[in-house]
Amino acid sequence: MAFHAKNYPVAYPGQLLCPTFELGEKTETFQEIIRYVPGNGVTDEEYEVNGQKMRALTATVLGEVRFLEQVLQTVPTDEDQSKDEKDIGASKAELEQGKEEQEEEDKGEDNPEKVFIVTVADSNLAGKHVTEDFANNLPREGSIVLARITRISSQRANVEILALENKTIPVDSGVGSNGAGVTAPGGGSAAATLSVSQAAADLGETFKGIISARDVRATDRDRVKIMESFRPGDIVRAQVISLGDGSNYHLSTARNDLGVVFARAFNGAGGLMYAIDWQTMVAPNTGFMESRKCAKPF
Amino acid sequence: MDSLILPGDKFHVERQENVVLGPGAYCDPKSQKLQPVNAGIEVSRESKKNVFVHVEFNSKRYIPAVGDLVVGLITGSYSDSYKVSLESFSTPVTLSYMAFPNASKKNRPTLKVGDLVYARVAKADKELEAEIECVDSTTGKDAGFGLLEGGNVAEVSLAYSRELAFNSEYELLPLLAKTAQFEVAIGINGKVWIKCDDVRHALACKLTIEECQHHKSAEHKSIIAKNFKSLLNSKD
C-alpha cells in the first residue's frame, strides 16, 4: 500500500512519515513513480540504517498528516473548458465516462510521476475562521493581509501587519462559493479564514510594511494623496507585492477589494465609518464624510 | 465680549449654526459639543454669516497653522527639500526646493545648514509633517520671504509674538525705532529676528524685546532707555 493512502492518526515531531519516493503501480508499459515533497511541518532528513544512508520525510510538529497531490500543470484549452461546461448539464453516466477519458488521457502522458506534498498541521486549528498559527503562515508575495496604518507621510504610509488571510478550502465543495477559486473578500459562503499575529504592537514586534503612494490605487497613480487615502489607525486590507528588505514588506491596495476596511472618524476620536463609495467613508451618527481608499465590501 | 474662560466651560455663543472654531475651541467628534480646551480670554466675533470663536491664550510651544509667518532654522538639506526647525525639540518642517521664487528643477536654492529663513506655513495637517514656503504661492513673488542674513533672534512667547505682529497699536516697535535703526521679521512661532548696523544696537533691541514681554507698555520707554544706555556706555 502506498504511503499516501495510509491513515496516520497523528504525527509527532521526529516521527518518520514516508520515504522521498516510492514505486507505484506497474503495468506493462510503464512504472509509476511517487515522489513526496516536504511541506509545512515536515522536513527531509537523512538517516543511517545498517550502514546505509537513506532519506525520509519526518514530521517536525504535532498534528495531522496530509498528502496533497500536486496536479501537473497543463494549460487548459478552450476545448477542455467547453467540455467542462457541458459536463454540468450532462447526466451522471456521461460525467463518469468523461472522467474515465480524463484519466486515460493522464495515463497516456509521458510523465509517469506523481507528486505529493506532505504537510503536518494542527488539526484543532483546521476549519476555524481565526487561528493563532501566524508563525507557520508568514506573509509571502501575493498574500492578502490585514494591516493597521501606523504613520503617514506624503510619499508613503507605514503599516503593521496584524493578520494574514488564508487560502480558503470551500467546506461546501464549492457549491456556494461565488467564483472559481477566488473567494469573496470578507464575506460570502466561502469566507476567508485569518491567521492572527500574536506579536505585541507596542513593543514593535509586529511585521512592518510600507504602502507607497504609487501602490495605493490602480488609476492615476502619480496623483495619489496619501492624506486622502489613509489615516493613522485605519485597518487596511492589502496585498504583499514584495518582501522588501528585512524591515519592511511592500504592500499594495491597487485593487477593488483592497483598501481601508475599518476606520473611525477624526483619527479614531469619532465613531465608526462606513464606505459609501470607493473613496468616501461616512460616519452615520454625525454625517461627516472623510476620504479614504476603500475596499469593495462584497 | 472679553471674559476669562477655562477648559470645560461653555462658550457664550447664542447661535449654534455656522460657528467657526479657532484655536482653543474644540468640537467633540462624538457628542458634537463645542467647548474650550485652553484657559484664556474668550473672543467671539459675529459676521452676517458666521460666528467666529476662539480662546486667546498664551503658550510657548508653537503648533504650525496654515498662513503663519515664521522664522525657521535650516537643520538639514535633502535631495528635494530642506529640513527646517521652527522650535527646539519640536518636529521639524519641510521647505521644498520648489517653494522659492523662480524655482525650477535645475537651479537649487543656495541656503545652507544654519541659515535662518522667513517663511509662510503652506500645509499643516496634523498627521503629516508641516510644510513651509518662501514664496507667495498665489502671486509667485518672494513677498519678503527668504534668507535672513545676519541679525539675531529674540525668543518670546507666542502671545507676545502675535501682539508684535498683528496689533498695530502696540507701541514697542515705534518706540524702539526712535532710538535705533533696525530691520525686523516677526515669526508667529515666537522668534523675532532683528538686525541693526551697529552690533550694540542689535543687542539692545533683542534684550528690550525679550524684556518688554513681561512688562506693561507704560514701562517700555524706560526699559529701552536703560538697555541702550548700559550698552552704549560699555567699553566694547
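Which residues in α3(B) meet which residues in α4(B)? Select R200(B), H201(B), L203(B), A204(B), C205(B), L207(B), T208(B), E211(B) and C212(B) on the α3(B) side, and H220(B), I223(B), I224(B), K226(B), N227(B), F228(B), L231(B) and L232(B) on the α4(B) side. Contact here means heavy atoms within 4.5 Å.

A word on ground rules. This is a predicted model, where local features need pLDDT of at least 70, side-chain atom pairs count only at pLDDT 80 or more, and totals for chains, interfaces and linings use all residues. Residues are numbered from 1 along each chain as its sequence is written, chains are lettered from A and ligands numbered from 1 in the order in which they are written, and side-chain values use heavy atoms, leaving out hydrogens and water.

Stay with that helix pair. Helix α3(B) spans residues 199–212 and α4(B) residues 220–233; their axes come within 9 Å and cross at roughly 145 degrees. Axes are lines fitted to C-alpha atoms, for helices over the stretch in contact, with angles from 0 to 180 degrees between N-to-C directions. Helices (H or I, at least four residues) and strands (E, at least two) are DSSP runs, numbered from the N terminus.

Start with K114(A) and E32(A), 3.6 Å from N to O. This pair ties strand β7 (residues 113–121) to strand β3 (residues 31–38), 82 residues apart. E32(A) counts as buried because its relative accessibility is 10%, while K114(A), at 27%, is partly exposed. The cut-offs: buried is under 20% relative accessible area, exposed over 50%, partly exposed in between (1.4 Å probe, protein chains only).

Now pick R292(A) and D234(A), whose closest N and O atoms are 2.8 Å apart. R292(A) lies in the segment after β18 (289–290) and D234(A) in the loop between β12 (208–212) and β13 (235–242), 58 residues apart. Both are buried.

Then select R255(A) and D257(A), a salt bridge at 3.0 Å, N to O. R255(A) is partly exposed at 35%, whereas D257(A) is buried at 16%.

Last stop: Y12(A), in the segment before β1 (16–19) of chain A. Its relative accessibility of 49% makes Y12(A) partly exposed.

Conventions. A salt bridge is a side-chain nitrogen of Lys or Arg within 4 Å of a carboxyl oxygen of Asp or Glu.
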